[in-house]
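Please view the model alongside the text.

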Amino acid sequence: MKKRVVITGLGVVAPNGVGLNAFSKAIKNGESGITFHPQLADLNFSCCIGGIPQISEEKKLEYLTPLQLRGFDSSGILYGCMAGVDAWKDAGFSVSNDSKLDFDSGTIFGTGTSGVEKFREAIYKLDDKQVKRLGSTVVVQTMASGVSAFLGGILGLGNQVTTNSSACTTGTEAILMGYERIKNNQAKRMLVGSCSDDGPYIWGGFDAMRVMTYKHNESPKEGSRPMSASASGFVPGAGAGALVLESLESALERKATIYAEVLGGNINSGGQRDGGTMTAPNAEAVQRCIKDALANANISASTVDVINGHLTATSKDSLEIENWTKALHRKGADFPYINSLKSMVGHCLAAAGSIEAVATVLQLKEQFVFPNINCEDVHPEITDLISEEKIVKKLLKTNVNIAAKASFGFGDVNGCVIFKTY
C-alpha cells in the first residue's frame with residue numbers, strides 16, 4: 001500500500017531571511033538579500049555582488065556546540081544544520097542529546113561542494129608540511145556527506161542518512177528521493193533539503209564562465225533579473241532549505257500541522273544531446289520531465305495554479321517559459337502564475353531547489369503568490385508566449401491549490417515536484 005506524503009516542517013536560511021518568519025515576510029514584500037562584497041572586487045571578480053545569509057556568532061551557538069564550532073569553516077554545513085534543525089522543530093520534534101535513536105526517520109540532504117574554505121585552509125597547511133596541524137574535523141567538514149552526517153548526529157536519525165548532489169537540481173531531487181522512501185513505506189519521516197557554501201571559491205568558476213552579471217556592482221538589489229529583457233546573467237547566492245516529509249498516517253496520528261501534500265514528481269536527464277550540453281538544457285527532456293511529473297502526481301496540466309521556475313536571469317529564461325507552455329499545452333492568459341525566487345536571493349546553486357521549494361509551499365499554506373522583482377521590462381520573447389499578468393510583480397492574494405516547482409541543472413539534469421494544498 002503506497003503512503004500519502006505530506007510536509008509537516010519547514011526551515012530556511014536565505015540571503016533575504018534567516019528563519020521561516022523572516023523569510024516569509026521578505027518574499028511577500030519582495031525584499032532582496034543581494035549585496036556588494038568587497039572581497040570579490042579585491043579578487044578581480046567581474047560580478048562583485050551576491051546573496052549571503054546574515055548569521056551572528058550567537059546564532060550559530062543555537063545550533064552547534066562550542067566544540068563543534070572550534071576550527072569550523074564550512075558555511076554550507078552551517079546553513080544546512082540551521083535549516084534542518086529548524087524544520088525538525090517546526091514539525092513538532094525536540095532536539096535532545098539522549099541516546100534514543102529514531103529508526104523511523106532519516107535525512108537526504110544535498111550539496112554541491114562542501115567546506116571549500118576548509119579545503120583551502122587544509123591545502124595550505126599540507127603544502128607547508130603541517131599535516132599534523134590539520135585538526136580532526138577536516139574530513140567531516142569537507143566530505144560531500146558532511147551536512148547529512150552532522151544532521152544525522154544532531155537529530156539521532158536511524159533511517160537512511162545520505163547526501164545527494166545534482167548541481168542546481170539537488171534540492172528538488174532530494175525532496176523526490178525522500179518522498180519515494182516514505183511512499184514506499186521505508187520510512188515514516190525524512191528530513192530533506194540542500195545547502196550551498198558561499199564565497200569566491202564556489203563562485204569563481206561561474207565568474208570565469210561569464211554567466212554572472214557584471215552590470216550591477218553599483219546597484220546590487222537590481223542585479224538579479226529573471227524573465228527581464230535587461231537580464232545580464234545570474235547573481236550567486238547561498239543558504240539552505242529544509243522540509244520534513246512525513247506519511248499522512250503518521251502526521252494525523254500525532255496531530256501535526258500540515259503545510260501541503262507532495263503529490264509526486266519526476267527526475268530525468270537530457271543526456272547532453274539534441275541541444276543539451278553540460279550547461280544548457282535539452283528542451284525535449286525538460287518538457288518530458290514536466291509531463292512525467294504531472295502523470296506521476298496523477299493530475300492534469302489544467303489544474304496547475306502556480307509555477308516556481310528555475311529561471312536564473314540568463315538567456316535561457318525564455319526557452320524555459322517555452323518549455324512550460326509546450327509541456328502544459330497552456331499559453332497566453334491560460335498560463336499559470338509563474339515566479340522566480342532568484343530575483344530576491346540570487347541563484348543559490350545546490351541550495352536553490354530546496355529554498356525555492358520552501359517558498360513554494362508557503363504560498364500554498366498561506367494562499368498567495370510572491371512577486372517577481374526587477375521584472376518591469378519582461379522579455380518580449382516571453383510576452384509572446386504568456387500574458388504578462390501571469391508574471392506577478394506585487395504580492396497577489398489568491399486561491400492556489402496546486403504548485404509545480406522545477407529545477408534544471410548543469411549536466412543537463414532536470415527535476416520537477418508537484419505540491420498540493422492539504
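The axes of helix α1 (residues 20-29) and helix α15 (residues 352-366) come within 11 Å and cross at roughly 80°. α1 is therefore roughly perpendicular to α15 (65 to 115 degrees counts as such, and angles under 35 are roughly parallel, over 145 roughly antiparallel, the rest oblique). Contact means heavy atoms within 4.5 Å. On the α1 side, Leu20, Phe23, Ser24, Ile27 and Lys28 take part, and they meet Ile355, Val358, Ala359, Leu362 and Glu366 of α15. The model is predicted, so local features need pLDDT of at least 70 and side-chain atom pairs pLDDT 80 or more, while totals for chains, interfaces and linings use all residues. Residues are numbered from 1 along each chain, and side-chain values use heavy atoms, without hydrogens or water.

Helix α5 (residues 75-90) and helix α8 (residues 146-155) have axes that come within 9 Å and cross at roughly 40°. They are therefore oblique to each other. Among the contact residues are Trp88 of α5 and Phe150 of α8.

Now the pockets. A pocket is an open set of points on a 1 Å grid, where a 1.4 Å probe fits, with protein on both sides within 12 Å along at least five of seven lines; lining residues have an atom within 4 Å of a point.

| Largest | about 450 Å³ | 27 residues |

Closest to the centre of the largest pocket are Thr279, Thr312, Thr314, Lys316 and Phe410. α13 gives the largest share of this lining, four residues. In the second largest pocket, α8 gives the most, with three residues.

Definitions and conventions. Axes are lines fitted to C-alpha atoms, for helices over the stretch in contact, and angles run from 0 to 180 degrees between N-to-C directions. Helices (H or I, at least four residues) and strands (E, at least two) are DSSP runs, numbered from the N terminus. Grid points are joined across faces, edges and corners, and a volume is the space filled by probe spheres set on the points.
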